[in-house]
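Me: I have a model open and want to go through it step by step. Can you take my questions in turn?

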Amino acid sequence: MNGIHDMGGMHGFGPIELEENEPVFHEPWEGRVIAMRRTIPDVSNPYGGRFLIESIPPDLYLKSSYYERWLLSFEDALLRKGLITAEELDEKTRFYRENPDAEVPRKEDRELAKSAGETLSIESTPNEHDGSGIVPRFGVGDSVKAANINISGHTRLPKYVRGRVGTVVKIYSAQDIQDHVPESEKGPQPVYSVRFDGRELWGDSAEPNQNLYIDMWESYLEPDQGATGGLDQ
Amino acid sequence: MSGQHHGEPEPYPAIRTKAIESLLIEKGLFTGDAIDAKVQAYEKDIGPMNGAKVVARAWVDSGYRERLLANGMEAISEMGFTEPQGAELIVHENTRAVHNVVVCTLCSCYPWSVLGLPPTWYKSFAYRSRVVIEPRKVLKEFGLELDDSVEVRVWDSNSDIRYMILPERPDGTESMSEDELAELVSRDSMIGVARAKTPAQVR
C-alpha cells in the first residue's frame, strides 16, 4: 500500500537523534508487547504483522513510537482474530487504570497455553512449494525496470524504486511473495539483489558515487526495454 | 509494573499492555513466564556482542572471513548463533574503496541474532527516509565523513534477507587477541554508520 510507512527518500524528518548507551527497552511494557507478539506470531495471519502496522492511520503512525505501533497492531490482530473483544479490552484497561497496583495474573497452565498456541498455528497457511526447480527469468548483469505496482494491500516494493532502471547483481534463493496478491500468484519467486545508481533514483540531487541495493521479487521486475532497443515510453 | 510512584499515573500504553497480557493469560494463550523468558532473552542473550564476536573471528581467521562473506547464516551458526526470522544473512565488507550501510525503509528489519534489537535511531523516520537519498549527509551526522572517491552502497532490507556489515579492522591491532578485538566492534560499525573503534578509543 502507498502508506506513510513507505518513507524512503522523503524529506522533513529532521536530523538523526542519537542516544548514548541506549537500553534495550525504555519502558517495561515495550518488552512485554514484543514478547507477547512473538510468542504467538500467527496472531497476525492472514494479513501479516507488517501490514497491520502499515494500516495504522497515517497521523497516528507518525505520532506513535516503534513499540506503540507494535501495540496498536497487536491489538488490531487480536480483535480481527476474535481472540479478545473490544469491550473486554476496554473494561480491563479501565480496571488497570483504576487499580494501578493490581498485578497481571500469572496462571501457569502450560497445557492450556500449549493447546492455544497450536490452535493458532493451524490457522497459518504453510507454503506448498519449496521453491526448488524455479528457473530465474533474469540473470546477473541484466538491466531491469522496477514495476509500477500500486496495490492497496501489502507490498515490499517501495515507491522510490518503482519505474526506475537498475542492474541485477545477485540471484538469491526463492522466497514466498509477501504481497497481498491473488491466491494464484502466491508462492515462491526468485529474489534478486538489484543495484540502482543514485542518479537514476534521485536525479541531480544524488550524492556522488552512491548506489542503492534492494531485494526484488521477480514479479517486481520487467525487462528494461530501453536497454534492448525496444519501446521505453 | 512495580517501579511507578504513587500519584504519577502510568502511561496509556503501559496500562493497555497490562490489559492485553492479562486477558491473554486468562484465556490460556501463553503463560506469564513464557513472556518473562522472552523479555529476558531480548535484554540479555541477544545483542551486538554476538555480532562483535563474529567480526573479531573474521579479522583473525581469513578462512572464517571467507565463509562469512560467502554464507552468513552458516558462518554465524559455527559460533552458535541463528537467525530465526530471516532466511538468509548476507555480510558485506567495508573497505577503503567501498562503504556499505544498512537500512529498512519500509519497517525496521534488522539482524536480531547478531545485533539484538535495533536502536531507536535505526527505527526513526529520519534514518529510514534519509539514508537512501543522502547517505553521506546521514553518515556525517554519525561522525563519519567519506571522501567522494569512496563508493557508498546502501542496502534496503525489504525481503527476508538480513544484512550485516563487516567493518574494516583498525590499524595498530595486530597484536590484539580475538576477545580484545571484539571490544572494538560497535553495533553502529556493523550497521555501517561508523568505523570500528581504534584501541585508543576503548582505553
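Reply: Start with one residue pair. This is a predicted model.

Me: Which residue stands opposite D215(A) of β4(A)?
Reply: Look at the pairing of the strands. Strand β3 of chain A, residues 188-197, pairs with β4(A). The residue standing opposite D215(A) is S193(A).

Me: What strand of chain B pairs with β4(A)?
Reply: Follow Y213(A) across to chain B. Y213(A) stands opposite W155(B). The pairing is parallel and runs over 5 bridges. The partner is the strand of residues 151-156, β3(B).

Me: How many strands are in the sheet that holds β4(A)?
Reply: Read along the order: β5(A)-β1(A)-β2(A)-β3(A)-β4(A)-β3(B)-β2(B). The sheet is open, and its pairing is mixed. The twist from one strand to the next averages 35 degrees. The number of strands is 7.

Me: Which strands stand at the edges of the sheet?
Reply: An edge strand here has a single partner strand, so one of its sides is left without a neighbour in the sheet. One such strand covers 221-223 of chain A, and another covers 98-103 of chain B. They are β5(A) and β2(B).

Me: How many of the 8 residues of strand β4 of chain A are buried?
Reply: Take the two ways they point. Q210(A), L212(A), I214(A) and M216(A) point one way, while N211(A), Y213(A), D215(A) and W217(A) point the other, and all are buried. β4(A) is therefore largely enclosed by the rest of the structure. For chain A, buried residues make up 30% of 233, but for β4(A) the count is 8 of 8.

Me: Why do the side chains of a strand point in two directions?
Reply: In a regular strand, side chains alternate between the two faces of the sheet. In β4(A), L212(A) points one way and Y213(A) the other.

Me: Which element gives the largest share of the side of chain A that touches chain B?
Reply: Contact between the chains involves 70 residues of chain A and 68 of chain B. Elements giving two or more residues to the chain A side include α1, α4, β2 and β4. By class, that side has 37 nonpolar, 12 polar and 21 charged residues. With 10 residues, the largest share comes from α1(A).

Me: What is the handedness of the crossing of α1(A) and α4(A), left-handed or right-handed?
Reply: Residues of α1(A), among them V33(A) and I34(A), meet residues of α4(A), including W70(A) and F74(A). The contact has 7 nonpolar, no polar and 2 charged residues. The crossing is left-handed.

Definitions and conventions. Residues are numbered from 1 along each chain as its sequence is written. Chains are lettered from A and ligands numbered from 1 in the order in which they are written. This is a predicted model: local features need pLDDT of at least 70, side-chain atom pairs count only at pLDDT 80 or more; totals for chains, interfaces and linings use all residues. A residue is buried if 20 or more other C-beta atoms lie within 10 Å of its own, exposed if 12 or fewer, and partly exposed in between; C-beta atoms are placed from the backbone. Helices (H or I, at least four residues) and strands (E, at least two) are DSSP runs, numbered from the N terminus. Two strands pair if DSSP finds at least two bridges between them. Two residues are in contact if their C-beta atoms, placed from the backbone, lie within 7 Å. Ala, Val, Leu, Ile, Met, Phe, Trp, Tyr, Cys and Pro count as nonpolar, Asp, Glu, Lys and Arg as charged, and the others, Gly among them, as polar. A crossing is left-handed if the near helix is turned anticlockwise from the far one by less than a right angle, and right-handed if clockwise. Axes are lines fitted to C-alpha atoms, for helices over the stretch in contact, and angles run from 0 to 180 degrees between N-to-C directions.
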